[in-house]
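Hi there,

Here is the structure I promised to pass on. My notes on the ligand site follow below it.

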Amino acid sequence: MAFILSPSLLSADFADLRQAIELINNTEADWFHIDVMDGVFVPNITIGQPVVKAIKKHARKPLDVHLMIVDPDRYIRSFKEAGADWLTVHAEACRHLNRTLSQIREEGMKAGVSINPHTPVSMLENIIEYADLVLVMSVNPGFGGQKFIGNSYRKIEELNRLKQKYNPSLVIEVDGGVNLDNAPALLSAGADALVAGNAVFSAPDIPERIATFKKM
Ligand code: DX5
Ligand code: ZN
């Protein structure tokens, strides 16, 4: 089944990001998933625009930037300047989600909205046609290597029904605890894109692991 694989650089060696980027460049992976955390929306701090900009210099695949920050509106333009191609904000972090997604599109990026494991899919019903991507969190955001939360299958199926009704070109992406065991069921449920951090970067042979994912 054709799908988008977005390896999460959060699980790469931050002291050797360039090597990780070159490695991924030469595989069948489709995007680079980049996790931006502010220590407020989530209990962890990662990287910001300067590092995204540095990644962009070497990446030969689109940057899929996942903002886990409060009031992301303040930084939309700066992430565009840093090189984001897809920019995803959290529904829980936005006061005026319609405005935020419109601004992302106006800056020339694809607009994504993410929901935490406890957030119902139904809250997206009136925003879905203004989004290019919905990111379903299958862990509580903040860290790589966590255990997949099982209600995600049901949420993807529900989202897929909304997608067929209101926005057939929507990309449904899943992030958190994705591995070779649960990926087939996620794709059957309606996922179009899978983020994988630990499942890719902890593999003894990373290109081989990516090839195995893509063969699914
Ligand atoms: C978690 C991040 C994820 C993380 C996924 O908050 O949004 O992108 O890197 O890592 P794994 O695949 O290891 O769960
Ligand atoms: Zn992420």
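**Around ligand 1**

By class, the shell around ligand 1 is made up of 8 nonpolar, 10 polar and 2 charged residues (Ala, Val, Leu, Ile, Met, Phe, Trp, Tyr, Cys and Pro count as nonpolar, Asp, Glu, Lys and Arg as charged, and the others, Gly among them, as polar). Please keep in mind that this is a predicted model, where local features need pLDDT of at least 70 and side-chain atom pairs pLDDT 80 or more, while totals for chains, interfaces and linings use all residues. Residues are numbered from 1 along each chain as written, chains are lettered from A and ligands numbered from 1 in the order written, and side-chain values use heavy atoms, without hydrogens or water.

Of the 20 residues around the ligand, Ser8, Gly142, Gly145, Asp175 and Gly177 come nearest (a residue is near if one of its heavy atoms lies within 4 Å). β2 (32-37), β3 (63-68) and β8 (193-196) each supply at least two shell residues, and the largest share, 3 residues, comes from β2 (strands are DSSP runs of E, at least two residues, and helices of H or I, at least four, numbered from the N terminus).

Now for the polar contacts (pairs of N or O atoms within 3.5 Å; within protein, one must be able to donate a hydrogen and the other to accept it, and residues adjacent in sequence count only if both atoms are side-chain atoms). A backbone N or O atom of Gly145 is 2.8 Å from an oxygen atom of ligand 1. For His33, a side-chain N or O atom lies 3.2 Å from a ligand oxygen atom.

Best wishes
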